[in-house]
Amino acid sequence: MSRWEPNARGRLAEAALELYRERGYEQTTVAEIAKRAGLTERTFFRHYADKREVLFSGAGELQELFVRAVADAPGSAAPIDALARGLDAVSEAFAGRRAFARARHAVITANAELRERELIKLASLSAALAETLRRRGVTEPAAGLAAEAGVAVFKIGFERWLADDGEREMAESVREALSAFRAVAAGK
């Protein structure tokens, strides 16, 4: 092992993503990830519970960012407008991260176990958003419907952003998806 270098967590994440893309998620071991990063397995487990968490470790922070922005929206904001604030905040978090997001998305979509994990994380996000909307005084079923719609808008906007070959920021794709949802909801 080489002498200590900073950013072990980031190096592990980068090494894992490289190996997942080269060999596939299932064929990659924690030992290989640690070796590629120039670290030990013990160091890996200080940062991640398992090799899946390398791909999902930011989900909690993303959820917190989304929920906080919705909670902080003006009290007079309609549920969808409060969610729009959350969508903007989350979109900003992806600025300059398209290459990483594309690579991560490719690994996840290639593996059924990881796709399931991604769906669980999105369901958790929806539940947290619905609870936030209820705390803002939105009743059911509107809170649940709005939260599910917000997650769907995020998912569609995110996927369109990844597919885009241009220089558009994620916020543009998400806003387009939100506009399309508003049109559908208005019967247009």
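**Helical architecture of a predicted model**

Arginine 115 lies in helix H8, where helices (H or I, at least four residues) and strands (E, at least two) are DSSP runs numbered from the N terminus. The structure is a predicted model, in which local features need pLDDT of at least 70 and side-chain atom pairs count only at pLDDT 80 or more, while totals for chains, interfaces and linings use all residues. Residues are numbered from 1 along each chain as its sequence is written, and side-chain values use heavy atoms, with hydrogens and water left out.

With a relative accessible area of 39%, arginine 115 is partly exposed; buried means under 20% relative accessible area, exposed over 50%, and partly exposed in between (1.4 Å probe, protein chains only). Not counting residues up to four places away in sequence, arginine 115 touches Ile108, Thr109 and Ala110, a contact being heavy atoms within 4.5 Å. Arginine 115 and lysine 188 are 73 residues apart along the chain, and their C-alpha atoms are separated by 32 Å.

The protein as a whole has ten helices and zero strands. Along the sequence this gives the pattern α-α-α-α-α-α-α-α-α-α. Taken along the principal axes, the C-alpha atoms fill a box of roughly 60 × 35 × 30 Å. The protein has 188 residues, of which 41% count as buried. Of the contacts between residues at least 6 apart in sequence, 64% join residues at least 24 apart. The protein carries 29 positive and 28 negative charges, whose mean positions are 2 Å apart. In this count Lys and Arg are positive and Asp and Glu negative, with His and the chain ends not counted; the place of a charge is taken as NZ of Lys, CZ of Arg, CG of Asp or CD of Glu.

Helix H8 has 24 residues, and its first and last C-alpha atoms are 35 Å apart, close to the 34 Å expected at 1.5 Å a residue. The expected span of a helix is 1.5 Å times one less than its number of residues. Among the buried residues of H8 are Leu114, Arg117, Leu122 and Leu125. The buried residues of this helix pack against H4, H5, H6, helix H7 (98–109) and H9. Leucine 125 has a relative accessible area of 6% and is therefore buried. Leaving out residues up to four places away in sequence, leucine 125 touches Gln63, Phe66 and Val151. Glutamate 131 and glycine 144 are 13 residues apart in sequence and 8.3 Å apart in space, C-alpha to C-alpha. In the loop between H8 and H9 lies proline 141, which is joined to glutamate 140 by a cis peptide bond with omega about 10°.

Glutamate 53 belongs to helix H4 (residues 53–56). Its relative accessibility is 16%, so glutamate 53 counts as buried. Apart from neighbours within four places in sequence, glutamate 53 is in contact with Tyr48, Arg117 and Lys121.

Helix H6 has 15 residues and reaches 22 Å from its first C-alpha to its last, close to the expected 21 Å. Its buried residues include Ile80, Leu83, Leu87 and Val90. The buried residues of H6 pack against helix H5 (59–71), H8, H9 and H10.

Helix H10 (residues 170–185) has 16 residues, which should span 22 Å at 1.5 Å a residue; its end C-alpha atoms are 22 Å apart, in agreement. Met170, Ala171, Ser173, Val174, Ala177 and Leu178 are the buried residues of H10. Seen down the helix axis, these residues fall within an arc of 160°, so they line one face of H10; the arc is that of the directions from the helix axis to the C-beta atoms. An α-helix has 3.6 residues a turn, so residues three or four places apart point the same way. Helix H6 (79–93) and helix H9 (142–163) are among the elements that cover the buried residues of H10. After H10 comes glycine 187, with a positive phi near 80°.
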